[in-house]
Amino acid sequence: MAAPDEVQTPANDDYEPVEGLDQQTVQCVRACESEAAAKTASDYEHIVWAYGVIWSLFVIYGVFLWRRASRQSNEIEDLQRRLAGS
Amino acid sequence: MNKILPFAFLGAAGMIFPYSVQLIFLQTPIEQQMGTVQKIFYFHVPLAWIMMLLAVVCGVAAGIQLRRDSKRAEAISIAAAELVLVTGLGVLITGPIWGHATWGKPWTWDARQVSTGLLWLVFAAYVLVRHYGAAGSERLAAGLAIFGAIDVPVIYYAVKIWKTTHPSTDVAGSLPSSMWAALWPALIALLLTSLALLMIRVRQEMTDVALDEAWIGLEHDAASPNLAAATGDA
């Protein structure tokens, strides 16, 4: 049995087909896979931005309503104090 | 009950949203022409429907406000207009994100994009007039809301009337059942969220009106003895 450092990888000319595929087909499949992976990654980036924008807008509006509710509570307390004083 | 209902809606939306996301990403097939990016559809389209629904609600409420001088209708109109701005901004941002990935261009100036942009600007004008307008400007604002609501059928039929990059309105009918199954929960989650925020905002507007009346009443009561003293002296 050969030691790991003695293992020789075949040069490109000595290509041996794996699972019955020729070199051209393997390279073509790899290129397609790479392109598909890049497209999917780009798609997910777009999706994350789109979903993030939608829910961020609702959260921002929710915060706006919450601040408004706090202002109204203060105003009601102020009014109650004025009514109690008069 | 009215106080609890919006929070119940928000809670329900909070539970439906993760279910909807797992349906979209794990159970729904990838659309063959556009690929994974088509999944933006499940929130972009329902958001556009909700935006149009709210614009109609705002226009109808503004009409009732003009005819009957109803404070509740006015409050509904204001709340719906603000939510048209929120949902409209969502549609106007997610659309170009999807367009950038699919068409290679975020904005193509097609009729549906332009009419949606116009709707957003009309409601932005409504909110600005309501916020900064002088006394009596609420009638002008109501007119703007009615004008905005008329833009809704223009948006809907834009793809039929003009040549656009957007797909035709028939595309919804041709969707496979698995895509509809993912679209409904997304629509319900967004609708419940929008309804909850609308109800909270209507309540706040009604409280503002009541507070204004209370302050005027208080000032009037405080001013009355002075006025009586002033008229007595005269």
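Leaving aside its neighbours within four places in sequence, which residues is Met52(B) in contact with?

A: Happy to. Leaving aside neighbours within four places in sequence, Met52(B) is in contact with Val152(B) and Ile155(B). Here, two residues are in contact if their C-beta atoms, placed from the backbone, lie within 7 Å.

Two notes before we go on. This is a predicted model, in which local features need pLDDT of at least 70 and side-chain atom pairs count only at pLDDT 80 or more, while totals for chains, interfaces and linings use all residues. Residues are numbered from 1 along each chain as its sequence is written, and chains are lettered from A and ligands numbered from 1 in the order in which they are written.

Now to the residue itself. Met52(B) is found in helix H2 of chain B; helices (H or I, at least four residues) and strands (E, at least two) are DSSP runs, numbered from the N terminus. Met52(B) counts as buried because 22 C-beta neighbours lie inside 10 Å. The rule is that a residue is buried if 20 or more other C-beta atoms lie within 10 Å of its own, exposed if 12 or fewer, and partly exposed in between, with C-beta atoms placed from the backbone. For a sense of distance, Met52(B) and Ala111(B) are 59 residues apart in sequence and 16 Å apart in space, C-alpha to C-alpha.

H2(B) covers residues 41–68, and its 28 residues should span 40 Å at 1.5 Å a residue; the end C-alpha atoms are 40 Å apart, which agrees. The expected span is 1.5 Å times one less than the number of residues. After H2(B) comes Asp69(B), whose phi is positive, near 55°.

The largest core has 63 residues, and Cys58(B) and Ala80(B) touch the most other members. Its elements that give two or more residues are H1 of chain A together with H1, H2, H3, H4, H5 and H6 of chain B. H2(B) supplies the largest share, 14 residues. Ala80(B), leaving aside neighbours within four places in sequence, is in contact with Leu54(B), Val57(B), Cys58(B), Ala61(B) and Leu198(B). In soluble globular proteins, nonpolar side chains tend to be buried together.

H4(B), residues 111–132, is another helix to look at: its 22 residues reach 31 Å from first C-alpha to last, close to the 32 Å expected. The buried residues of H4(B) include Leu119(B), Trp120(B), Val122(B) and Phe123(B), but also Arg112(B) and Arg130(B). What covers the buried residues of H4(B) includes H2, H3 (71–102) and H5 (137–161) of chain B. In H1(B), the buried residues include Phe9(B), Ile16(B) and Phe17(B).

Now step back to the whole of chain B. Chain B has six helices and zero strands. Its radius of gyration is 22 Å, well over the 17 Å that the globule rule gives for 234 residues, so chain B is more spread out than a compact globule. That radius is taken over C-alpha atoms, and the globule rule is 2.2 Å times the number of residues to the power 0.38. The C-alpha atoms of chain B fill a box of roughly 90 × 40 × 25 Å along the principal axes. Of the 234 residues, 37% count as buried.

Chain A comes to one helix and zero strands, and buried residues make up 9% of its 86 residues. Trp55(A) lies in helix H1 (residues 23–85) of chain A and is partly exposed, with 14 other C-beta atoms within 10 Å. The contact between the chains takes 26 residues from chain A and 28 residues from chain B.

Finally, confidence. pLDDT is the predictor's confidence in each residue, from 0 to 100. Chain B averages 88, and 93% of the residues score at least 70. Within chain B, the mean is highest in H2(B), at 95, and lowest in H6(B) (residues 177–233), at 83. Over residues 230–234 of chain B the pLDDT is below 50, and this stretch has zero contacts in the model beyond near neighbours in sequence. Where pLDDT is low, the predicted coordinates should not be read in detail.

Key: A nonpolar core is a set of buried Ala, Val, Leu, Ile, Met, Phe, Trp, Tyr and Cys residues joined through C-beta atoms within 7 Å.
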